[in-house]
Amino acid sequence: MLLDKQLIANHNDKLLAKHKQKFAFAAKEISNVEDIIKKLVAFQVAIPSWALGTGGTRFGRFPGAGEPGSLEQKIEDVGLLHALNKSSGAISLHIPWDIPTDAAAIKKLAKKHGLQFDAVNSNTFQNQPGQKESYKFGSLQHVNKATRKQAIKHNIEVIKHGVDLGSKSLTVWLADGSCFPGQLNFRKAFENTLNSLQEIYAALPADWKMFVEYKAFEPNFYSMSVGDWGQSYLYASKLGEKAYTLVDLGHHLPNANIEQIVSLLLMEGKLGGFHFNDSKYGDDDLTVGSMKPYQLFLIFNELVEGMNARKMNHAKDLGWMIDASHNVKDPLEDLLQSVEAIMIAYAHALLVDRKKLNEAQQNNDVVAAQEILQGTFRTDVRAVVAEARLRSGASIDPLGFFREKKIREQLVKERGANTIATGL
Ligand code: LRH
Ligand code: MN
């Protein structure tokens with residue numbers, strides 16, 4: 001479905017007066033509002049190809065209707081999100097869930113929807129039909145050389161798919177680890193994983209990046225071979241300058257200080273990107289900002305501070321991706337909410353008075369420092385984010401438009417009720 005721009009403009013017309021009033025009120029309080037809007041317009045979040053259908057758990061999955069049944073339909077769905085918020089200008093593919101059989105045609109279709117291809121993701125956490133070596137006891141860490149070779153070969157194939165599509169990065173998340181003490185020699189597992197990653201690294205085109213994604217537990221429940229930011233940093237540092245760490249917000253132990261981890265990885269120049277989501281307990285993959293919006297703001301606060309300190313281009317120098325799974329919500333509504341939460345957190349971080357915050361920190365004025373951050377977080381920037389969308393030719397109220405125009409119902413009419421999307 002290609003959304004007609006006029007439909008969005010007509011819908012905006014009805015909301016314009018109220019929006020302009022809200023924006024004028026917000027803008028009065030924000031001295032750098034134009035700079036913030038410029039940065040919001042440039043900021044694009046990649047949508048995961050594996051999160052356009054209904055997700056599930058081991059206890060069950062309750063598929064929704066009108067889900068994308070092919071890569072082409074997934075690109076159309078991301079195109080729809082991008083038409084509504086002009087902030088979802090890229091799709092991140094997971095191989096083999098979304099193998100582009102005709103890369104040129106897929107690239108052309110993506111271009112028609114104004115989309116680029118962000119990081120491609122390998123998958124050595126599931127056995128594929130007819131696969132010779134099993135990944136039951138891991139892939140790149142495996143004690144068996146043939147299994148490691150098979151996993152390395154897969155990652156190099158994924159890079160090739162990415163090159164065909166114009167992607168510039170490979171994300172490696174490994175389910176590798178152990179479930180019981182004694183099951184694994186940690187040192188040998190690390191060395192096998194590092195040597196395997198080095199072979200994959202050697203196959204990277206010169207202008208590519210490799211993101212090493214860490215995770216504290218699941219599907220292994222005693223050790224993970226890339227279990228935390230320190231291990232990921234160790235791999236990325238030993239691999240070389242094209243290797244970076246990837247921070248999935250749901251991959252930390254309870255109460256981890258993710259904003260401090262982000263600040264230090266950024267300081268080291270080894271922060272590659274994010275998988276945004278939210279969680280209350282484990283890797284719940286919930287809507288971004290739905291559980292811990294203040295933590296999301298604190299993370300973006302460290303990002304803006306650290307990126308400015310390194311004179312980085314906010315929109316281009318890090319990988320901004322969502323990684324979520326929708327068990328009870330409409331996937332497209334959930335993703336619209338997630339992108340909105342990310343844009344609000346970024347706008348808040350751009351709003352922080354860094355001069356005043358630095359003064360408070362230099363004077364150990366703890367109360368003033370907290371008042372600056374919480375005062376910013378309690379400032380309603382939704383009209384500023386909506387104004388950025390309006391100026392980008394998008395919808396003032398994407399979710400309102402999606403519901404009012406019964407987009408899901410239209411997709412069901414087009415695709416039928418029983419199409420199943422590949423993914424988690
Ligand atoms: C692992 C993970 C990883 C993906 C998968 C879909 O939990 O976050 O990023 O490969 O989810
Ligand atoms: Mn992830």
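Throughout these legends, two residues are in contact when heavy atoms lie within 4.5 Å of each other. The model is predicted: local features need pLDDT of at least 70, side-chain atom pairs count only at pLDDT 80 or more, and totals for chains, interfaces and linings use all residues. Side-chain values use heavy atoms, with hydrogens and water left out, while residues are numbered from 1 along each chain as its sequence is written, and chains are lettered from A and ligands numbered from 1 in the order in which they are written.

**View 1**
Let's start with V412, found in helix α15 (residues 407-415); helices here are DSSP runs of H or I with at least four residues, strands are runs of E with at least two, and both are numbered from the N terminus. Setting aside neighbours within four places in sequence, V412 is in contact with A65, G66 and A417. V412 has 25% relative accessibility and counts as partly exposed; buried means under 20% relative accessible area, exposed means over 50%, and partly exposed is in between, using a 1.4 Å probe and protein chains only.

**View 2. The chain as a whole.**
Stepping back, the chain holds 15 helices and 13 strands. Its radius of gyration is 22 Å, close to the 22 Å that the globule rule gives for 424 residues, so the chain is as compact as a globular protein of that length. That radius is taken over C-alpha atoms, and the rule is 2.2 Å times the number of residues to the power 0.38. The C-alpha trace spans about 65 × 60 × 40 Å along its principal axes. Of the 424 residues, 55% count as buried. Among contacts between residues at least 6 apart in sequence, 79% join residues at least 24 apart.

**View 3. The manganese ion (ligand 2) and its donors.**
Here E213 (OE), D248 (OD), H275 (ND1) and D323 (OD) coordinate the manganese ion (ligand 2) at 2.1 to 2.2 Å. Donors are N, O and S atoms within 2.8 Å of the metal (3.2 Å for Na, K and Ca); water is not among the atoms, so sites may look incomplete. The spacing of the donors along the chain is E-x34-D-x26-H-x47-D. D248 lies in strand β11 (residues 243-248) and H275 in strand β12 (residues 271-276), so this pair ties together parts that are 27 residues apart in sequence. D248 is buried at 0% relative accessibility, and H275 is buried too, at 1%.

**View 4. An aromatic cluster around F300.**
One aromatic cluster is formed by F43, F274, F276, F300, W320 and Y346. Rings of Phe, Tyr and Trp (its six-membered ring) pair if their centres lie within 6.5 Å; planes under 30 degrees apart count as stacked, over 60 as edge-to-face and the rest as tilted. The whole structure has 16 aromatic pairs. One of them is F300 with W320, a stacked pair at 5.9 Å centre to centre and 20° between the planes. F300 lies in helix α9 (residues 293-309) and W320 in strand β13 (residues 319-322), so the pair ties together parts that are 20 residues apart in sequence. Both F300 and W320 are buried. The ring centres of F300 and Y346 are 6.0 Å apart with planes at 45°, so that pair is tilted. It links distant parts of the chain, as Y346 is in helix α10 (residues 331-351), 46 residues from F300. Y346 is buried, with a relative accessible area of 1%.

**View 5. Two lysines over tyrosine rings.**
K242 lies over the face of Y201, 5.5 Å from the ring centre. Likewise, the charged end of K270 sits over the ring of Y244, at 5.3 Å from its centre. A charge sits over a ring if NZ of Lys or CZ of Arg is within 6 Å of the ring centre and within 35 degrees of the ring normal.

**View 6. Backbone details in the loops.**
A cis peptide bond joins I95 and P96, with omega about 15°; P96 is in the loop between β4 (90-92) and α4 (103-112). The bond from E218 to P219 is also cis, with omega near 5°. N255, which is not a glycine, has a positive phi near 65°, and N255 counts as exposed at 80% relative accessibility.
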